[in-house]
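Let's take a walk through this model together, starting with the fold of each chain and ending where the chains meet. Keep the viewer open as you read.

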Amino acid sequence: MERHSSCQTTFFAYFLAFLRKCIFMVLSSGPLPRHIAFIMDGNRRFCKKNNLMEGAGHRVGFSALMSMLKYCYEFRVKYVTIYAFSIDNFRRRPEEVQSVMDLMQEKIEGLTKEESIVNQYGVKVRFVGNLQMLNKPVRLAAERAMLATANNSKAVLTICVAYTSTDEILHAVRESCEEKRDELDALEATGSGPYGLLGPNNNEKEQEEQIDLREIEKHMYVTPDSDIIVRTSGETRLSNFLLWQSSVSLLYSPLVLWPEIQFWHLVWAVIEFQRNYLYLKGKVKQ
Amino acid sequence: MYLGDEMHKAKAMTWYRIAQIGNLGLLLLWHFVHLIVNLWYFALGLGQTLESYLISRGLLKRYNSLDSNRVRYLAVVMDSKEAGQTSEVIKLLQHLEDIGIKHVCLYDPEGLLKKSKEAILEKLTYVKLYEEATKSDSLVRKDITLEFASFSDGKKAVLKAANYLFKKNYLCEEQKEFVCTESHIDEALKAIGCARPDPDLLLVYGPARCHLGFPAWRLRYTEIVHMGPLKSMKFGSLIKAIYNFTKVHQNYGT
């Protein structure tokens with residue numbers, strides 16, 4: 001009886017995978033997004049709504065994340081970025097923060113297992129943010145996961161932890177300034193002087209613009225710019241996520257809570273992207 | 001051997017034709033899916049037009065008591081095509097004035113609104129530019145402050161701030177230990193004349209819900225609402241957007 005039920009479940013899973021493949025084949029007649037970002041909002045509301053124990057919402061949310069990643073990779077989305085933990089989230093109750101950190105450590109360690117989705121789809125995992133704010137076990141687990149998946153090249157999963165966009169911009173400005181200072185110091189050491197090879201008669205304007213936009217963007221944690229940003233739970237703000245990279249991103253806010261997100265929501269996001277593709281592509285060129 | 005090659009070629013040709021027919025079939029299905037979606041949006045648009053009409057006539061009671069003071073700073077983002085419709089922009093500002101919005105930022109990526117600044121200002125009675133309003137204390141109660149922004153106030157402003165910080169803090173030998181923080185960037189933006197309040201609500205007029213490069217540093221917790229094309233702008237839908245904003249509760253990450 002149990003074997004029969006298990007066979008039915010397997011058959012159903014294969015049937016759903018076949019259906020998803022058919023939908024992908026239809027949608028791939030149009031342009032597909034290269035980079036989708038997710039703000040996984042609604043775990044705590046899901047928990048409350050279903051009278052679950054504290055922290056259970058995040059666990060169900062993790063399963064939803066794994067499913068969504070699978071669907072994205074089936075759609076050949078090369079870059080997926082997720083907002084796992086904001087710097088602002090550290091202001092939550094310490095027990096809640098610790099519970100999320102413990103869950104993150106457990107799931108990060110699971111990522112490097114052979115049968116995990118990242119190895120199945122050849123995904124390189126990157127953890128970005130102010131990682132020094134994380135406790136040591138989580139930080140070490142993240143570093144191990146990055147090392148273990150460094151040679152994967154089919155797709156990139158960027159996990160933003162201890163992250164805010166303003167902190168990212170600050171980091172990029174700081175790194176650019178320090179790099180430029182080191183460059184000038186090196187020039188000075190070779191005898192070219194602080195004005196570089198142009199000499200001391202370098203004009204005021206060029207002195208004012210030592211750093212250019214490319215140097216700042218080089219130091220951003222998340223590249224390339226996102227095509228779609230999905231925020232669940234119907235909230236319409238970005239909450240300090242990818243503010244720099246979302247200039248021409250389609251913002252999609254389905255009402256569904258993150259643990260309840262389904263394949264259809266991704267399909268709708270892709271259809272929206274295709275409807276607005278020419279318009280958004282024109283903005284990129286500008 | 002010759003017969004074998006010919007058969008192989010015929011087989012390959014047949015598969016190629018089947019694949020082409022298959023691709024054509026998929027393309028037709030794709031167009032059909034998009035047709036259904038467009039019909040859905042058309043029906044949604046009709047529903048929203050009716051709702052807007054009912055709201056502006058005061059027939060939907062819940063929208064009648066609107067606390068517009070909750071919106072301390074409103075931003076409007078529009079595509080360059082929309083920005084060229086100066087008369088529609090003026091109509092929008094008049095509606096916002098009627099609702100009681102006091103501070104508005106108009107943004108378009110290419111700066112067309114900045115070029116139409118004079119034409120817009122002469123059509124409005126109680127309006128002051130943000131720069132003038134912050135310099136003088138003589139803001140009349142009815143005055144609406146207006147800011148014009150473009151792409152150069154976004155990433156380029158951060159770039160200017162970075163260069164300002166570099167010149168001020170990174171070139172001196174004594175300041176090797178300087179650690180840049182978010183406050184330093186705030187101060188730098190103020191020093192270069194690019195510091196403006198963060199909008200509470202951002203209305204996007206255009207085909208897609210996309211902020212089109214609105215200054216990133218100011219968008220942290222801004223609610224971003226898509227309003228559709230500017231030519232379809234309605235008083236009722238503005239009321240609805242602002243009403244929905246007043247019902248939002250933000251945790252700010254906690």
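Predicted model: local features only at pLDDT ≥ 70, side-chain atom pairs only at ≥ 80, totals over all residues.

Residues are numbered from 1 along each chain as its sequence is written, chains are lettered from A and ligands numbered from 1 in the order in which they are written, and side-chain values use heavy atoms, with hydrogens and water left out.

Begin with chain A, where six strands form an open sheet in the order 3-4-2-1-5-6, paired in parallel. Helices (H or I, at least four residues) and strands (E, at least two) are DSSP runs numbered from the N terminus, and two strands pair if DSSP finds at least two bridges between them. Strand 3 (123-128) and strand 6 of chain A stand at the edges with a single partner strand each, so one side of each has no neighbour in the sheet. On average, neighbouring strands here are turned by 20° against each other, direction ignored. Axes are lines fitted to C-alpha atoms, for helices over the stretch in contact, and angles run from 0 to 180 degrees between N-to-C directions.

Look next at strand 1 (residues 35-39) and strand 2 (residues 79-86) of chain A, which pair in the parallel sense over five bridges. There you will find A:Ile39 opposite A:Tyr83 of strand 2. Helix 4 (residues 94-111) of chain A packs on this sheet, touching strand 2, strand 3 and strand 4 (155-163), and its direction makes about 150° with that of strand 2 of chain A. Contact means heavy atoms within 4.5 Å.

Now turn to chain B. Its open sheet of six strands has the order 3-4-2-1-5-6, with parallel pairing. Strand 3 (127-129) and strand 6 (223-228) of chain B are the edge strands, each pairing on one side only. Strand 1 (residues 74-78) and strand 5 (residues 201-205) of chain B pair in the parallel sense over five bridges, and B:Val77 has B:Val204 as its bridge partner in strand 5. Helix 9 (residues 235-246) of chain B lies across strand 5 and strand 6, running at about 150° to strand 5 of chain B.

Two backbone details in chain A deserve a stop. Most residues other than glycine have a negative phi, and most peptide bonds are trans. The peptide bond from A:Thr223 to A:Pro224 is cis, with omega near -5°; A:Pro224 sits in the loop between helix 9 and strand 5 (228-231) of chain A. A:Asn240 has a positive phi, near 65°, and lies in the loop between strand 5 and strand 6 of chain A.

Finally, how do the chains meet? The contact takes 58 residues from chain A and 51 residues from chain B. About 5,000 Å² is buried between chain A and chain B, with carbon and sulfur atoms giving 61%; buried area is the accessible area (1.4 Å probe) that two parts lose on being put together, summed over both. A:Arg181, A:Arg237 and A:Tyr279 supply 13% of the area that chain A buries against chain B, more than any other three residues. Three salt bridges cross this interface, each a side-chain nitrogen of Lys or Arg within 4 Å of a carboxyl oxygen of Asp or Glu. The side chains of A:Glu217 and B:Lys155 meet in a salt bridge (3.5 Å, N to O).
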